[in-house]
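Student: I would like to learn how to read salt bridges in a protein model. Could we go through one case together?

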Amino acid sequence: MTTPSADKPFVITMGDPSGVGAEISVKALASLPAGERANYAIIGDLPTLERARAACAVDLPFDASAGAVKVIHVPVEGLPEEFGILSPRCGEASFQYIKKAVDLASAGNAAGIITAPINKEALNAAGHHYDGHTGMLAHLTGCKSSWMLLASERLNTIHVSTHVSLKEAIDRATPERVAETIRIGHKHFRRMGIENPRIAVAGINPHCGENGLFGREDDLQIAPGVAMARAEGINVVGPISADTVYHRAYHGAFDLVVAQYHDQGHIPVKLVAFDTAVNVSLGLPIDRVSVDHGTAFDIAGKGLANHVNMLSALEYARRLKG
């Protein structure tokens, strides 16, 4: 992994130009002390950022004055120049901003990436066929695999699989993938300062299959993966029934829960930390943190978007930078 540089900024990708990414970025950075803004730069479209700044009525200079935020303008022709529109050109812009960020981070010219939301339909309409940021970043960095971690103050989940059908998710939950997910989570929490992370693995079937009554996947796929990781000295238990493990983790029994599929991990985190949870990509050679919400076309351009989630992402990025 590229080691975050103490003197390089994190770059914020603006996300879909028609969404709320520009607004939450300018709101969050404007709320920081002027001296802290040098830790970040925005990659995106300058006119869009200027419209967002006006809509939000914030004082955030983009020039070379004191307290200014550096903007890396990436020109993309044909942007709709207004908010709230689903457009392939915005999908193309989203891709170009991320590609620029990856190039900078991979070359050591950025400490890592903080991403504002993209629209998957617009992205695919532009010809970039990814399931979202995580898959795109894995491809752009040459990684075969990556993992999604949802991090919040009291509940953290890492996913064995994410944007696939439930049927495919069950097939992907092989012992090897489960064990590697545990390893990746263990390594990350060690990096975050937890010497011996306590990890729990959620079962895939109700009550972990009830000894085969509701399926054998937990016995044949999940438990062997847990055993592999435990044999390596990792502090992991499971599978534990998903209807209790998140409650236990929320109340302090575990530092991390391994979720078997997208909704199994997303629903509990969004229930308890909807505005503050952040999305962290693990397994990449660069650091990437993101807000955990969408483009919100319905309110984009009105100055209404809540930037609390972006502030959480900025804070998590600072912790990664050390």
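Student: What do the side chains of Glu 180 and Arg 183 form where they meet?

Tutor: The general idea is that side chains of opposite charge can pair when their charged atoms come close. In this predicted model, the side chains of Glu 180 and Arg 183 form a salt bridge, with 2.7 Å from N to O.

Student: Where do Glu 180 and Arg 183 lie?

Tutor: Both belong to helix H7, which covers residues 175–191. Glu 180 and Arg 183 are three residues apart, about one turn of the helix.

Student: Is Glu 180 buried, partly exposed or exposed?

Tutor: Read the relative accessible area: buried means under 20%, exposed means over 50%, and partly exposed is in between. Glu 180 has 30% relative accessibility, so it counts as partly exposed. Arg 183, at 24%, is partly exposed too.

Student: With which residue does Glu 232 form a salt bridge?

Tutor: Glu 232 pairs with Arg 183, and their closest N and O atoms are 2.7 Å apart. Glu 232 sits in the loop between helix H8 (217–231) and strand E8 (236–240), while Arg 183 is in helix H7, so this pair ties together parts that are 49 residues apart in sequence. Glu 232 has a relative accessible area of 45%, and is therefore partly exposed.

Student: Which residues are linked in a network of salt bridges?

Tutor: Glu 180, Arg 183 and Glu 232 make up such a network. Arg 183 takes part in the bridge with Glu 180 and in the bridge with Glu 232.

Student: How many salt bridges does a search of the whole structure find?

Tutor: The search finds nine. One of them joins Arg 191 and Asp 287, at 2.8 Å from N to O. Arg 191 lies in helix H7 and Asp 287 in the loop between strand E10 (278–282) and strand E11 (288–291), so the pair ties together parts that are 96 residues apart in sequence.

Student: Are Arg 191 and Asp 287 buried or partly exposed?

Tutor: Arg 191 is partly exposed, at 34% relative accessible area. Asp 287 is buried, at 4% relative accessibility.

Student: How far apart in space are Ala 273 and Leu 155?

Tutor: Their C-alpha atoms are 8.3 Å apart, although the two residues are 118 apart in sequence. Ala 273 is part of helix H10, residues 262–273. At 8% relative accessibility, Ala 273 is buried.

Student: What share of contacts in the protein join residues at least 24 apart?

Tutor: Among contacts between residues at least 6 apart in sequence, the share is 75%.

Student: How many helices and strands does the protein have?

Tutor: There are 11 helices and 11 strands. Of the 322 residues, 53% count as buried.

Student: What radius of gyration does the protein have?

Tutor: The idea is to set the value beside that of a compact globule, which for 322 residues would be near 20 Å; the protein has 20 Å, which agrees. Along the principal axes, the C-alpha atoms fill a box of roughly 65 × 40 × 35 Å.

Student: How far apart are the mean positions of the positive and negative charges?

Tutor: With 29 positive and 34 negative charges, the mean positions are 5 Å apart.

Notes. Residues are numbered from 1 along each chain as its sequence is written. This is a predicted model: local features need pLDDT of at least 70, side-chain atom pairs count only at pLDDT 80 or more; totals for chains, interfaces and linings use all residues. Side-chain values use heavy atoms; hydrogens and water are left out. A salt bridge is a side-chain nitrogen of Lys or Arg within 4 Å of a carboxyl oxygen of Asp or Glu. Helices (H or I, at least four residues) and strands (E, at least two) are DSSP runs, numbered from the N terminus. Buried means under 20% relative accessible area, exposed over 50%, partly exposed in between (1.4 Å probe, protein chains only). The radius of gyration is taken over C-alpha atoms; the globule rule is 2.2 Å times the number of residues to the power 0.38. Contact means heavy atoms within 4.5 Å. Lys and Arg count as positive and Asp and Glu as negative; His and the chain ends are not counted. The place of a charge is taken as NZ of Lys, CZ of Arg, CG of Asp or CD of Glu.
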